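Student: I've got a model open and I'd like to know what the words used for it really rest on. Can we go through them one at a time?

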Amino acid sequence: MSEAARIRMRHILHVLKENKIVQGLTPEKLKKILEGLGPTFIKFGQILSMRPDLIPPEYCDELAKLRSDVKPMPFSLVKDLIEAECKKNIDEVFQNIDPLPLGSASIGQVHKAVLKDGREVVVKIQHPKIKEIMKQDIFLCKKAMFIMKVVRPSGDAVDFIIVLDEMWEAAQREFDFLQEAANLEEFAERNKDIKYVSCPKVISQWTTTRMLMMEYIDGIPIDALDLLKILGYDLNEIGRKLAENYVKQVLEDAFFQADPHPGNICIRDGQIIWIDMGMMARLSDRDRQLFSNAVEAITFGDIYELKDTVLSLG
């Protein structure tokens, strides 16, 4: 183990000790530990929050707060990173850029800006050396996981290693912002004939592997239910259209948003806007057909066909 890894391991163990991990875990304590350990562990918590099949609901609810409550990078660092990607002084690219981020996540953070030509955009900039940091952290995390125990209602302990492996597989697709830009463009093309669905347009000129620039979407978060009602939206209609589009993504396109939490979906001018395309998934023709069979079996109440389909999916 390198000296840097040993130092990081000592920090991990210090945070665990500081939070009295040997006395057991609570939802609040787990969230605090993950926040204290930094971006890799915050990402781990974000994915874990969407796995009610693995952890109890109270843990999911608490860890869901990690989707938006991530400590941001200082703007001085953001400015340096943007200038390195643009190869220009920041004042040569933007009329202005808001130093306060719209959001900060495990891999990067987003700032609103106005280009020299007046277009309102958002700039998503990647944390420096985040890939190397995450790779090392996951290796060390696996060594420390034996002392972190969350028990499911069934009485079984959660296997965090499964979630770590899933997280690393997903994160590797998110490191390349050019891939996210390609995902946005493919999604737009596949949904161009659906009037109630859209996604941000990519500003290709200023998009790189570590920086993504796209149009600014002034939308309403899809979980701001009271505000949507006040503005006259029919929540049942939104829910139905959201479900219809997601089924289309999975069963027709076999190309779908793999991280569909409320922070990634908003409503603007009657449209459902899918914002973040960093985590997309594809289905093989075989799996797409099996999913179609499962939906048909559920529709007609054919439990035997559903059982066979699930077994075939593995």
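Student: What makes Gly118 stand out in the hairpin of β3 and β4?
Tutor: Gly118 takes a positive phi near 95° there, and the hairpin has four residues between its strands. Bear in mind that this is a predicted model, where local features need pLDDT of at least 70, side-chain atom pairs count only at pLDDT 80 or more, and totals for chains, interfaces and linings use all residues. Residues are numbered from 1 along each chain as its sequence is written, and side-chain values use heavy atoms, with hydrogens and water left out.

Student: How do you know that β3 and β4 pair?
Tutor: Pairing takes at least two bridges found by DSSP between two strands. Strand β3 (residues 108–115) and β4 are joined by seven, running antiparallel, so they pair by that definition. One spot to look at is Lys112, whose bridge partner in β4 is Val122. Strands here are DSSP runs of E, at least two residues long, and helices are runs of H or I of at least four, both numbered from the N terminus.

Student: What does β4 do with strand β6 (residues 211–215)?
Tutor: Those two pair as well, in the antiparallel sense, over five bridges. Ile125 has Met211 in β6 as its bridge partner.

Student: Why is β4 called mostly covered?
Tutor: Six of the seven residues of β4 (residues 120–126) are buried. Buried means under 20% relative accessible area, exposed means over 50%, and partly exposed is in between, with a 1.4 Å probe and protein chains only.

Student: And why is helix α3 said to be largely enclosed?
Tutor: Ten of the eleven residues of α3 (residues 39–49) are buried, so the rest of the structure largely encloses this helix. Among them are Phe41, Ile42, Phe44 and Leu48, and also Lys43.

Student: Is Ile133 buried, partly exposed or exposed, and what makes it so?
Tutor: Ile133, in helix α7 (residues 130–144), has a relative accessible area of 37%, so it's partly exposed. Ile133 touches Thr40 and Pro128, leaving aside residues up to four places away in sequence; contact means heavy atoms within 4.5 Å. Thr40 is 93 residues from Ile133 in sequence, with 7.5 Å between their C-alpha atoms.

Student: What makes the protein as compact as a globular one?
Tutor: The protein has 13 helices and eleven strands. Its radius of gyration is 21 Å, close to the 20 Å from the globule rule for 314 residues, so it's as compact as a globular protein of that length. That radius is taken over C-alpha atoms, and the rule is 2.2 Å times the number of residues to the power 0.38.
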